[in-house]
Amino acid sequence: MPVNSYRHRLLGLPALVLLITAAGCSSADDSGSAAVPSPDTKVTKLCRNLDKVLPAKVDDVSRDDPEPASALTAGWGSPAIILRCGVPRPPKMIDPKVAEGGDPDALAGGVNGVDWLMEKQDDGAYRFTTANRLAYVEVTVPKGRDTSGVLVDLAPAVKKAIPEGIAD
């Protein structure tokens, strides 16, 4: 093989590694990364309490927290089930169209004493956000994973750490 051919392969390798790294950082599927919310002090304290009581396993997969490390985020499995505590109120929670049942991609329901707003994402994942709690907790469940076990496993921790009430 000519020397120039090796040189092109070597020059292309760092670019490929950089591309894969950048894609891994920005991807929401199985990258193991999550944007850390920035709530006020009161909500941050509630979220830190939640982090202390979260289960080691959710839906039979072990906890493996995303990067960057934070008490406001948690993860389980790969592709990861991602929990983010202290997120802003989802717009669909205050949209009258949702309250009237006009949005089929946003449904409300309760699991073991915790109310959730469920939103189907464009990529087939589901995002659940707690309702009627003093902090909004968002859980994203990747496409193809059964959602019922996830919420059942997380409900006791949410009930224990995030009191009922209206956030904001």
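**Helices, strands and cover in a predicted model**

Modeller: The model is predicted. The protein has four helices and eight strands. Along the sequence they follow the pattern α-α-β-β-β-β-α-β-β-β-β-α.

Biologist: What makes residues 147-161 count as a helix, H4?

Modeller: A helix needs a DSSP run of at least four residues. H4 has 15 residues, so the run qualifies.

Biologist: How do you know what span to expect for H4?

Modeller: The expected span is 1.5 Å times one less than the number of residues. For H4 that gives 21 Å, and the helix reaches 21 Å from its first C-alpha to its last.

Biologist: Where in H4 is the kink?

Modeller: At leucine 154, with a bend of about 35°.

Biologist: Why is strand S8 called mostly covered?

Modeller: Buried means under 20% relative accessible area. In S8, residues 137-141, four of the five residues are buried. Across the 168 residues of the protein, buried residues make up 35%.

Biologist: How do you know that S4 and S8 pair?

Modeller: Pairing takes at least two bridges. Strand S4, residues 81-85, has four bridges to S8, so the two pair. They run antiparallel. Arginine 84 has glutamate 138 in S8 as its bridge partner.

Biologist: What makes S7 a partner of S8?

Modeller: Four bridges, again in the antiparallel sense. Arginine 127 stands opposite threonine 140 in S8. S7 and S8 form a hairpin with five residues between them. In the turn, asparagine 132 has a positive phi of about 60°.

Definitions and conventions: Residues numbered from 1 in each chain as written. Predicted model: local features only at pLDDT ≥ 70, side-chain atom pairs only at ≥ 80, totals over all residues. Heavy atoms only, no water. Bend = angle between axes of the 7 residues up to and from the residue. Buried < 20%, exposed > 50% of the residue type's maximum accessible area, 1.4 Å probe, protein only.
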